[in-house]
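Please look over the fold below before reading my comments. The notes go sheet by sheet and then turn to helix packing and confidence.

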Amino acid sequence: MSSWKITGFASKRDIEAALAVHQALCDAEQWNSDIVVSGFEVAPDRPNDWQLDAYCADDPGKAELAAIKVLFEGQQPKLKVEKLADEDWLTVSQQGVEPFAEGRFYVHTPDYPPSPDTAHRNFVMPASQAFGTGHHETTSGCLAILDAMKRSGMNPRNIADIGTGTGLLAFAAMELWPRAFATASDIDPVCEEVVEHNAALNGVSLGSAEGALFYTTADGTDDPLIEARG
């Protein structure tokens with residue numbers, strides 16, 4: 001199925017303000033949910049130059065363009081509309097995703113073999129609809145911090161991975177503290193199947209006992225299980 005993208009360029013301040021307006025409209029249920037919006041910096045060496053993308057299933061008309069313009073106060077960015085080529089985005093997401101090592105962890109997709117280094121704990125993470133294959137700095141940075149926590153002598157009895165995505169960080173924490181009670185959650189229901197699949201691939205036990213991972217779909221920490229385990 002084809003999709004379309006509306007793109008506008010502006011300063012970081014203006015794009016962040018537009019995203020705040022977008023969130024307020026979503027909260028008030030006044031936003032067309034068929035239009036998906038994201039904003040981000042153009043390049044690391046240009047931190048003030050940002051881009052706003054809006055995705056539509058159909059060719060955007062005056063109503064869709066007007067909705068984007070409402071997000072901006074004052075000067076309006078010039079909007080570009082393009083039709084996106086049909087792609088297998090799962091395959092595309094795996095292209096160029098090479099293995100990497102972070103601390104004692106080695107993360108790779110099924111397209112690559114595990115690390116032969118016995119000092120590494122290998123995790124195989126297929127590309128999926130869930131976030132957290134480890135290749136984004138936020139995930140790899142957390143792997144580094146977990147490794148540093150272990151080396152510092154920390155010994156937690158309860159672990160919670162809130163917004164787990166693929167389950168990778170929960171798996172890594174369980175590797176470091178195998179007798180802890182581990183909980184993983186995500187607001188996106190698709191993550192439950194992804195976590196179960198990845199747990200099976202990586203030899204991670206599921207369940208409520210110590211040394212096993214208990215998954216729940218939850219909105220942040222607002223969940224009875226998370227509150228009880230906390």
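1. Strands β5 and β6 (residues 105-108) are antiparallel partners, joined by three bridges. Two strands count as paired if DSSP finds at least two bridges between them. Glu-102 faces Phe-105 of β6. Helices (H or I, at least four residues) and strands (E, at least two) are DSSP runs, numbered from the N terminus.

2. This is a predicted model, in which local features need pLDDT of at least 70 and side-chain atom pairs count only at pLDDT 80 or more, while totals for chains, interfaces and linings use all residues. Residues are numbered from 1 along each chain as its sequence is written, and side-chain values use heavy atoms, with hydrogens and water left out.

3. The sheet β5-β6-β7 is open, has three strands and shows mixed pairing. β5 (100-102) and β7 (121-124) are its edges; each has a single partner strand, so one side of each lacks a neighbour in the sheet. On average, neighbouring strands here are turned by 25° against each other, direction ignored. Helix α4 packs on this sheet, touching β5 and β6, and its direction makes about 40° with that of β5. Contact means heavy atoms within 4.5 Å. Helix α5 lies across β6 and β7 and runs at about 160° to β7.

4. How do α4 and α5 cross? The axes of α4 (residues 137-151) and α5 (residues 168-176) come within 10 Å and cross at roughly 15°. Axes are lines fitted to C-alpha atoms, for helices over the stretch in contact, and angles run from 0 to 180 degrees between N-to-C directions. The two helices are therefore roughly parallel (angles under 35 degrees). From α4, the contact uses Thr-139, Cys-142, Leu-143, Leu-146, Asp-147 and Lys-150; α5 supplies Leu-168, Leu-169, Ala-172, Ala-173 and Leu-176. By class, that is eight nonpolar, one polar and two charged residues. Nonpolar covers Ala, Val, Leu, Ile, Met, Phe, Trp, Tyr, Cys and Pro; charged covers Asp, Glu, Lys and Arg; the others, Gly among them, are polar.

5. The other open sheet has three strands in the order β8-β9-β10, with parallel pairing. β8 (158-162) and β10 (213-217) are at the edges, each with a single partner strand, so one side of each is left without a neighbour in the sheet. The twist averages 20° from one strand to the next. Strand β9 (residues 181-186) is joined to β10 by five bridges. Ala-182 has Leu-213 in β10 as its bridge partner. Helix α6 (residues 190-201) packs on this sheet against β9 and β10, its direction making about 165° with that of β10.

6. Mean pLDDT (the predictor's confidence in each residue, from 0 to 100) is 89 for the protein, and 91% of the residues score at least 70. Confidence is lowest in helix α3 (residues 89-94), with a mean of 56, and highest in α5, at 96. Where pLDDT is low, the predicted coordinates should not be read in detail.

How values were computed. Angles under 35 degrees count as roughly parallel, over 145 as roughly antiparallel, 65 to 115 as roughly perpendicular and the rest as oblique.
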